[in-house]
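Colleague: Could you take a close look at the open sheet for me, and then at the aromatic pairs? I'd like the cut-offs spelled out as you go.

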Amino acid sequence: MLIELSIKNFAIIEKQQIAFNQGLTVLTGETGAGKSILIDAIAILLGGRGSTDLIRYGEEKAEIEGLFQFDNEDHPALVKVRALDIDTEENTLIFRRVLTRSGKSTCYLNGRMVKISTLRDVGIKTIDIHGQHEHQELMDGGVHLGLLDKYGADKIAKPLACYQEIYNQFTDVNRELKKYTLDDQMLAQKLDLLRFQQDEISKAKLVVGEEESLLEEKGKLNNFEKIQGKLQSIYAALSGERAGIELIGVAKSDMDAISHYDEAYRSQSESLANAYYILEDISMTISGTLDDFEFDEARLGEVESRLDVINGLKRKYGYDIEEILAFRTQISEELSQFENRESRQEELTAKHGELKEKLSVQAKQLSVVRHELAKRLAKEIHRQLKDLYMEKAQFAAQLSTCEPNETGIDVAEFYIAANPGEPLKPLTKTASGGELSRIMLAIKTIFSIHQGTTSIIFDEIDTGVSGRVAQSIAEKIYQVSIDSQVFCISHLPHVASMADTHLFIAKEQKASTTSTSVRILEEPERIVEIGRMISGKDTNTYTEAHVKEMFVQAEQTKERLLAQ
């Protein structure tokens with residue numbers, strides 16, 4: 001659920017920090033107060049399209065930040081974020097979005113900068129925003145099969161897993177079999193290429209670690225004069241006239257002469273002796289090195305030539321010698337397969353046929369389960385539509401057949417007929433309006449449990465309804481909030497009276513500027529606000545009594561819905 005939202009310099013919101021609760025939160029206020037701006041801020045936070053027009057006038061940037069808490073550590077949003085190697089301590093996510101006047105948009109997840117596409121992918125798994133003209137996932141026919149599978153997860157999981165295991169084996173065999181379907185000319189070209197690559201690598205006789213040794217040797221040869229000069233300088237410092245070893249020898253002798261007077265002198269004498277012998281050893285080694293030290297131009301040429309060979313192979317076959325040798329092993333195996341292609345092809349063809357038959361059987365079993373789920377879903381949706389006074393409406397999750405893919409052989413699409421006598425039409429092509437709002441709410445009521453989103457936003461989906469339909473919509477919205485945190489912008493007093501939390505959005509004038517404020521209404525203020533929603537003006541004794549009666553009815557309705 002959304003725990004806290006912080007907004008700064010967004011549209012006419014100067015600065016707001018809002019804490020949210022579980023259940024149903026209703027947002028009300030007069031037209032133009034900024035109710036939809038709050039929802040727009042959440043949409044932008046979760047990866048929606050940003051614009052410099054959304055930055056408050058006179059400011060350089062807008063900042064939005066939201067803290068989300070998840071009950072389930074395996075929630076899809078958390079799984080997605082962890083796959084990016086981003087920590088999700090205590091199952092929390094902090095979304096942050098910054099818009100600047102320059103047009104730059106910066107996105108963060110738990111403090112890590114991410115791409116806008118990543119923010120959007122995680123966001124759509126976190127909050128579902130539904131308004132009159134924005135239907136998100138349910139209006140995308142491409143996700144209907146996934147929703148049907150989520151609806152019947154307990155029934156579909158096992159047959160789907162069995163199907164996918166066979167499908168993966170089938171695609172692996174199919175991919176390998178295609179390698180052997182080349183014509184004679186292409187096959188000859190392929191074999192020539194593999195043999196050339198194998199020979200080129202083999203002739204090089206590469207040795208792991210060879211490149212590093214060659215680079216070190218090349219460095220010494222290229223810097224021969226510098227190394228020689230420094231060695232001579234070191235030798236002179238150690239063994240020249242009045243040089244280091246001679247002076248330390250004098251110090252050693254003097255310390256030996258007094259070592260029997262004090263234990264500390266004896267210890268220091270031993271240390272000086274060790275230093276003397278170490279330096280003497282170094283000096284002798286350097287002397288021997290200088291005697292044999294000479295520049296070998298021919299060897300430098302050999303080293304550079306060998307490095308050229310290695311670099312040429314690296315450009316073709318791998319990042320380093322280990323990768324090149326691994327590539328040679330791979331093509332050797334491939335050559336062996338091609339050279340014995342007839343027997344291997346017969347083996348794969350037989351396996352392909354066997355898997356194809358198994359896949360067909362499993363796909364049909366999976367499809368049978370989905371057809372049963374589609375019928376069950378249709379019945380549940382009909383029941384929801386009946387509660388919303390659309391008892392004559394028809395809903396169907398229609399399945400058609402396609403070529404086998406990773407999900408099976410089924411394509412699903414939701415169809416609806418809002419009125420008697422009308423043909424079923426794809427939900428994605430149904431006209432918007434009051435009827436569509438009810439249809440979408442019925443579907444949301446069913447899928448709120450199965451979609452996995454922590455929060456759902458209804459942005460004025462109750463427009464165009466009243467009376468008993470308005471009451472039924474209020475009940476359905478509350479029903480959805482039992483399993484998901486719900487935010488609802490509404491003009492209906494029926495919906496407002498069902499709220500667990502009632503936020504009032506107001507526009508305030510400060511000197512020459514305008515800003516939006518958000519505050520929680522307690523019961524006396526709620527009575528005034530809902531009374532205004534009923535009558536369009538200040539409350540009187542009649543509207544106050546009416547609102548109080550609505551509160552009583554709302555509590556009774558909540559108890560009934562919670563008990564179901």
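**The open sheet and the aromatic pairs**

Modeller: Happy to! An open sheet is built here from six strands, ordered β2-β1-β4-β5-β6-β7, with antiparallel pairing. Strands are DSSP runs of E with at least two residues, helices are runs of H or I with at least four, and both are numbered from the N terminus; two strands pair if DSSP finds at least two bridges between them. The edges are taken by β2 (13-19) and β7 (112-114); each has a single partner strand, so one side of each is left without a neighbour in the sheet. On average, neighbouring strands of this sheet are turned by 15° against each other, direction ignored. (Axes are lines fitted to C-alpha atoms, for helices over the stretch in contact, and angles between N-to-C directions run from 0 to 180 degrees.)

Before going further, a word on the source: this is a predicted model, where local features need pLDDT of at least 70 and side-chain atom pairs count only at pLDDT 80 or more, while totals for chains, interfaces and linings use all residues. Residues are numbered from 1 along each chain as its sequence is written, and side-chain values use heavy atoms, leaving out hydrogens and water.

Back in the sheet, β5 (residues 92-100) and β6 (residues 105-109) pair in the antiparallel sense over five bridges. R97 has C107 as its bridge partner in β6. Helix α1 (residues 35-45) lies across β1 (2-10), β2, β4 (61-69) and β5, and runs at about 100° to β1; contact means heavy atoms within 4.5 Å.

Now for the rings. Those of Phe, Tyr and Trp (its six-membered ring) pair if their centres lie within 6.5 Å; planes under 30 degrees apart count as stacked, over 60 as edge-to-face and the rest as tilted. By this rule there are six aromatic pairs. One of them is F20 with F487, edge-to-face at 4.9 Å centre to centre with 85° between the planes. This pair links distant parts of the chain, 467 residues apart: F20 is in the loop between β2 and β3 (24-28), and F487 is in strand β13 (residues 485-489). F20 counts as buried at 7% relative accessibility, and F487 is buried too, with a relative accessible area of 2%. (Buried means under 20% relative accessible area, exposed over 50%, partly exposed in between, with a 1.4 Å probe and protein chains only.)

Another pair, Y163 and Y167, is stacked: 5.9 Å centre to centre, 20° between the planes. Y163 and Y167 are four residues apart in helix α5 (residues 153-178), so about one helical turn separates them. Both Y163 and Y167 are buried.
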